[in-house]
Amino acid sequence: MLRRRSVAQDDTPASTVNATVASTTVAPVPVREQARSMVVTKYGIVAASQFLASQAGAKMLEAGGNAIDAAIAANAVLGVTQPYVNGMGGDLFAIVDEAKTGKVYGLNSSGWTPKALTIDYLKNKGVTSIDQRA
C-alpha cells in the first residue's frame, strides 16, 4: 500500500498549510516550500517533487526494481507532470549505495549531449579534460 504525506503537498500554498495546521491541536509545521512528496512502502522510500513521480518510483521498487530503476521511473513521470522543470532525457542525479558490495556510485546525468560527441571525438580534437566550472 502506498502512502503519501497530506501536509505540504507540492501544489498547496505554504500559507494554506500553516492555516490548516494552526486550526488544529497539532504544533505548527515549518514552511516547506521546497518539499518533496515522499512515498514510504515496505520496499523503500521514494521522494520527488511531484507525488505521482514518487508513486511511480515506489511501484518500480514493488515490482522488484532497484533504486536506479525507481529513479528513472520517477524521472520519466516528472517529464510528463512537470515538463517545465524536467523533460524526457533531461537531468537525473542519483547517489546509489549498493548494499551487496558496499560500493557507492554517483550519477550525474545532466543536460543534453550531442550524439556525435564521443570520447574518441574529443581525444582527436586534443581535449584531455573538461573544466568542472563550465
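Guide: The model is predicted, so local features need pLDDT of at least 70 and side-chain atom pairs pLDDT 80 or more, whereas totals for chains, interfaces and linings use all residues. Residues are numbered from 1 along each chain as its sequence is written, and side-chain values use heavy atoms, without hydrogens or water.

The largest pocket has a volume of about 540 Å³ (the space filled by probe spheres set on grid points joined across faces, edges and corners). Of its 22 lining residues, Ala47, Ala71, Ala74, Leu92 and Phe93 are the closest to the centre. A pocket is an open set of points on a 1 Å grid over the protein atoms alone where a 1.4 Å probe fits, with protein on both sides within 12 Å along at least five of seven lines; lining residues have an atom within 4 Å of a point.

Strand S2, helix H3 (67–81) and strand S3 (92–98) each supply at least two lining residues, with the largest share, 7 residues, from H3. Helices (H or I, at least four residues) and strands (E, at least two) are DSSP runs numbered from the N terminus.

S2 forms a hairpin with S1, with 2 residues between them. S1 (residues 37–41) and S2 pair in the antiparallel sense over 5 bridges (pairing requires at least two DSSP bridges), and Ala48 in S2 is the bridge partner of Ser37. Ser49 lies in the loop between S2 (44–48) and helix H2 (51–62).
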